[in-house]
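Please examine the sequence and the three-dimensional model shown here. The paragraphs after it consider selected positions in turn.

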Amino acid sequence: MLEDKNTHRTHLSELGEFGLIDHLTKDFPIVNPSTLKGVGDDGAIIDFGDQKAVISSDLLIEGVHFNLSYVPLKHLGYKSIMVNLSDIYAMNAIATQVVVSIAVSNRFPVEALEELYEGIRLACDIYKVDLVGGDTTSSTRGLIISVTAIGMAPQEKIVYRNGAKENDLIVVSGDLGSAYMGLQVLERENEVFKVNPNMQPDLESYQYLIERQLKPEARKDIVLLLDKLGVQPTAMMDISDGLSSELLHICKQSHVGCRLVEEKIPLDPTLINACEEFTLSSTMVALSGGEDYELLFTIAPSDYDKIKGNPNLSVIGYITEPAQGCNLITRANEAIPLKARGWNAFR
C-alpha cells in the first residue's frame with residue numbers, strides 16, 4: 001500500500017514530462033566545478049581535466065528490489081543514490097554527479113514523486129554530488145528507478161577487484177548483516193499487518209537494523225580515511241550481494257585464495273540478538289545477507305600498522321596462494337570452503 005499523507009493530488013498529466021522534470025529538479029544546486037552543465041539540455045557537460053571518470057549504474061524495480069508497503073518513498077530516494085555512490089567509492093574514487101531516471105504508473109501523484117526526490121536531494125546534499133540529468137516515462141507495473149553515478153580520481157588512486165596479492169590482509173568497514181536482518185523484521189511485520197491491519201508493530205528494539213536496510217550510508221568517509229592514512233588498497237569492492245560473494249569475486253579476478261576468519265567478522269549486538277530470535281546463524285547472515293554497502297578491500301601487510309585499532313575497520317582474514325582455495329576458518333578452527341550464497345538477480 002502506498003501511503004499518501006497529502007490531501008491534494010496533482011496528476012502527472014498536469015505537468016507533462018518536461019514540466020515534471022523542471023518541478024522535481026528545481027531545488028538541486030550545482031556544487032562541483034566539474035559540472036559545466038546540469039539538467040535542462042540534451043546532455044550534461046562534465047569536465048574532469050586530468051582526473052579519470054568512474055561511472056556506475058543501477059536499476060531498482062518495485063516488487064524486486066523494494067516493497068512500498070514498508071519502504072517510505074523518501075528513504076527509497078535516498079537509498080537509490082547510496083546504492084550507486086557506493087560503487088564509485090568502491091573504486092577508491094569520489095562521486096561528483098548522478099543521473100536519475102524514473103518510470104511511474106498513474107497511481108503515483110506528483111506529491112509522491114516529490115517525496116522520492118526529497119530523499120534524492122538529501123543524499124545529494126550530504127554527499128556533495130550534483131543531479132545533472134535523467135528521464136521520466138510511464139510504467140504499467142509500478143515504480144522503476146535507474147541511477148547512474150559519475151565520479152573522479154587520479155589514475156594512480158583507482159582500485160580494481162583484481163589487485164589482491166598473496167599475504168595481503170582482508171579488511172572490511174563497519175559491521176555486516178544488519179541490513180538483511182532489518183529486511184527480515186520488516187517482512188515479518190508486513191505479514192502480521194496483512195493479517196491484522198490494526199496491529200501496530202513495536203520496532204524500537206530493531207531500530208538500528210531497520211535503518212541499515214532503509215537508509216544505508218555509502219562509505220565515502222572510508223575513502224577519505226584511507227587517503228589520510230596513506231593506505232592504497234590493492235583490491236576493493238562494496239558489499240551489496242554479501243561478504244562471501246564479494247570476496248570470491250576479488251579472489252577470482254585476482255587469481256588468489258583466501259582465509260576468512262569467522263570470529264573476526266564484525267557483528268552488531270542488535271544483529272546477534274535478532275538472529276537468535278529468528279533462529280538464524282549470525283555468521284551466515286553476515287556472509288550472505290547483502291545490502292550492507294560497506295567496503296571490502298585488501299591491503300599490503302606493511303600497511304597494517306596504519307589501520308590497526310581504527311574503530312571503522314576490521315581485519316577479517318588474509319589472501320593465500322590460489323591452490324589453497326577460498327575458505328572460512330570457523331571458531332572451531334575448521335576450514336570450510338567459502339560459498340557465494342548472496343543476492344542473485346536472476347534466480
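The structure is a predicted model. Its UniProt record, an unreviewed entry, carries a "binding site" annotation that covers Ser57, Asp58 and Asp135. These positions are spread over 79 residues of sequence, yet they cluster in space, with a largest C-alpha distance of 14.4 Å. A "binding site" annotation in the unreviewed UniProt entry also covers Asp58 and Asp87. Here the spread is 30 residues of sequence, and the largest C-alpha distance is 9.4 Å, so that this pair is likewise described as clustered in space.

Ser57 is placed in strand β3, which comprises residues 52–61. Beyond the residues up to four places away in sequence, Ser57 touches Asn84, Ser146, Val147 and Thr148. With Val147 there is also a polar approach: a polar atom of the Ser57 side chain lies 3.3 Å from the backbone oxygen of Val147.

Asp58 lies in strand β3 as well. At 23% relative accessibility, Asp58 is classed as partly exposed. Residues up to four places away in sequence aside, the contacts of Asp58 are Val83, Asn84, Asp87, Ile145, Ser146 and Val147. Asp87, in turn, belongs to helix α2, residues 73–89. Asp87 touches Ser56, Asp58 and Asp238 when residues up to four places away in sequence are not counted. Asp135 sits in the loop between β5 (130–133) and β6, and with 38% relative accessibility Asp135 is partly exposed.

The next position is also in a loop. Gly142 is found between β6 (136–138) and β7 (144–153). Is Gly142 buried or exposed? Its relative accessibility is 5%, and therefore Gly142 counts as buried, the limit for that class being under 20%. Leaving aside neighbours within four places in sequence, Gly142 is in contact with Glu62, Ala103, Val104, Ser105, Arg107 and Phe108. The C-alpha atoms of Gly142 and Glu62 are 6.2 Å apart, although 80 residues separate the two in sequence.

Glu294 occupies the loop between α9 (282–288) and β11 (295–299). Its relative accessible area is 2%, so Glu294 is buried. With residues up to four places away in sequence not counted, the contacts of Glu294 include Arg212 and Arg219, and among the others are Val172, Ser173, Gly174, Asp175 and Leu176. Glu294 also touches Met237, Asp238 and Ile239.

Key. Residues numbered from 1 in each chain as written. Predicted model: local features only at pLDDT ≥ 70, side-chain atom pairs only at ≥ 80, totals over all residues. Heavy atoms only, no water. Helix = DSSP H or I, 4+ residues; strand = E, 2+ residues; numbered from the N terminus. Buried < 20%, exposed > 50% of the residue type's maximum accessible area, 1.4 Å probe, protein only. Contact = heavy atoms within 4.5 Å. UniProt positions renumbered as here; feature names shortened; annotations may be inferred. Polar contact = N/O pair within 3.5 Å; in protein donor to acceptor, adjacent residues only side chain to side chain.
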